[in-house]
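Hello,

Here is the structure we talked about handing over. Please open it first, then read my notes on its salt bridges below.

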Amino acid sequence: MAHFPEGFLWGGAVAANQWEGGWNLDGRGPAMTDVTTGGTVNTPRLITYIAADGTHGTLTRGQKLPEGAHYAVLDEYHYPNHNAVDGYHHYKEDIALFAEMGFKQFRMSISWSRLYPTGLEKEPLKAGVEFYRDMFKEMQKYGIEPLVTIWHFDTPLYLEEHCGGWLNRETIEHFVRFATTCFTEFKGLVHHWLTFNEINNTIQFLDMQGNLPDSAYQDAYQHLHYQFVASAKAVQIGHAIDPSNMIGCMICGITWYPATCDPKDILACRYAWEKNIFYCSDVQCLGEYGSYCTRLWNDHNVKLDITEDDLDDLARGTVDMYTFSYYMSNLVTTHKVTDKVGGNFSLGARNEYLKYSDWGWATDADGLEYYLEMIYDRYHLPVMVVENGLGAYDTVEEDGSIHDPFRIEYYRLHIEAMDKAIANGVDLIGYTTWGCIDVVSAGTGEMRKRYGFIYVDMDDEGKGSMARSRKDSFFWYKKVIASNGEDLSDL
Ligand code: BGP
């Protein structure tokens with residue numbers, strides 16, 4: 001007998017910038033992803049600009065725009081997020097397909113610059129509000145609950161370029177205006193919200209870049225502090241507008257293991273949990289910074305701008321649920337790593353007990369059980385796994401069918417892990433697989449890295465009909481949902 005409770009929220013997830021497209025339609029303003037090119041597993045995505053002297057230049061993530069330069073869309077590059085998979089025009093068809101699979105919940109995000117093109121406007125664009133309202137009504141027809149991420153990597157480019165983005169305290173105010181619009185306009189249509197997607201990536205990303213100066217840590221922790229305050233204010237407003245709103249944090253969930261039994265590795269592993277995972281979720285779930293934060297700040301001479309009012313907001317704006325993405329575990333060691341592996345906004349040492357995907361991400365379903373039990377024990381809040389999946393190559397057969405047993409196997413293992421965690425006492429209330437329909441990869445900008453149950457005919461260069469088709473995993477997941485997680489057998 002499976003242990004999924006009645007009413008368990010099965011579904012799938014996408015993000016506006018990776019699914020929607022329509023980047024410059026109906027008044028939408030650009031976001032950073034719109035000046036970001038495609039990359040590959042070995043070559044980074046580039047951010048394009050025009051320098052003060054008119055020459056064209058590129059940056060990689062984390063690098064600063066040179067003095068006098070401005071971000072720009074350049075003719076010589078392809079920008080996969082511009083059209084993405086055109087959810088903007090296909091949402092009715094896509095939602096009907098989700099309904100066919102039996103989705104109870106669909107996680108999507110609202111593009112900030114579709115409502116506030118620069119982020120500074122006092123009123124939202126009507127067209128943007130109408131677009132999302134229509135989408136929610138469409139979901140309502142099928143009894144699908146929206147799970148809405150308010151910020152999924154898409155601060156309006158104008159705020160980033162001209163106002164200092166999240167290093168400027170005023171961005172809190174702009175975000176709060178945007179979030180308030182969402183809570184007000186979609187009241188009654190949306191009941192489940194997440195404030196910031198994978199908020200902890202800002203910290204994890206530092207370690208990926210290697211030896212950075214203290215100023216990089218100063219900026220990252222300050223950026224996060226402003227996002228924490230923005231999130232806490234949004235939670236309070238969301239509750240005031242509709243007390244039935246359930247609002248969650250969203251953490252990039254990686255299960256960290258020590259690579260050896262050297263006590264130094266065991267300690268380093270605990271530190272990795274504190275820095276990468278608990279730093280953000282303690283603030284968002286418990287309403288205050290953990291005691292270990294002093295150590296993290298002191299390590300890099302970080303001095304934060306934190307006011308008494310901020311602390312008050314953090315204490316009042318704690319979330320109602322813990323949500324996270326889960327793709328993999330990672331090894332931590334103080335010893336020399338000769339075989340580094342990639343991951344979701346993270347790096348680690350290879351774990352000889354695990355299998356790795358074509359993009360170098362480990363498959364570790366036990367790590368999901370570990371994470372769920374650890375987190376629930378710490379926060380005692382309802383939990384949702386809001387991203388999980390395997391990015392893989394798909395082959396379309398001559399008859400149009402797509403056989404993806406590797407994806408089915410990945411999901412089976414992770415659903416079994418969730419089932420165990422529930423049996424062991426975790427209050428797990430929902431599961432949305434990542435990229436339930438193929439979308440543009442966040443990390444590489446590729447289309448060939450596919451997660452979907454639904455295939456989209458579109459390649460890395462933006463060529464394709466955008467036609468949707470059902471993979472084998474579509475029929476399998478349908479069966480899983482219909483049996484509430486009981487029937488995980490092959491088709
Ligand atoms: C998470 C993001 C998603 C998604 C996913 C898969 O970090 O929240 O937006 O893209 O990772 O990553 P990728 O697309 O790089 O395979």
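Which residue forms a salt bridge with Arg133? The partner is Glu185, and the closest N and O atoms are 3.0 Å apart. Bear in mind that this is a predicted model. Glu185 sits in helix 6 (residues 170–185) and Arg133 in helix 4 (residues 126–141). The pair links distant parts of the chain, 52 residues apart. Glu185 is partly exposed, at 29% relative accessibility. Arg133 has a relative accessible area of 18%, so it counts as buried, the cut-off being under 20%.

Now the wider picture. The whole structure holds 29 salt bridges.

One of them joins the side chains of Glu100 and Arg470, at 2.8 Å from N to O. Glu100 belongs to helix 2 (residues 87–101) and Arg470 to strand 17 (residues 468–470), so this pair ties together parts that are 370 residues apart in sequence. Glu100 is partly exposed, with a relative accessible area of 31%. Arg470 is partly exposed as well, at 35%.

Another pairs the side chains of Asp394 and Arg407, at 3.1 Å from N to O. Asp394 lies in the loop between strand 14 (383–387) and helix 13 (405–423), while Arg407 is in helix 13, so the bridge ties together parts 13 residues apart in sequence. Are these two residues buried or exposed? Both Asp394 and Arg407 are buried.

Asp394 and Arg407 also belong to a network of salt bridges.

Best wishes

Technical notes:
Residues are numbered from 1 along each chain as its sequence is written. This is a predicted model: local features need pLDDT of at least 70, side-chain atom pairs count only at pLDDT 80 or more; totals for chains, interfaces and linings use all residues. Side-chain values use heavy atoms; hydrogens and water are left out. A salt bridge is a side-chain nitrogen of Lys or Arg within 4 Å of a carboxyl oxygen of Asp or Glu. Helices (H or I, at least four residues) and strands (E, at least two) are DSSP runs, numbered from the N terminus. Buried means under 20% relative accessible area, exposed over 50%, partly exposed in between (1.4 Å probe, protein chains only).
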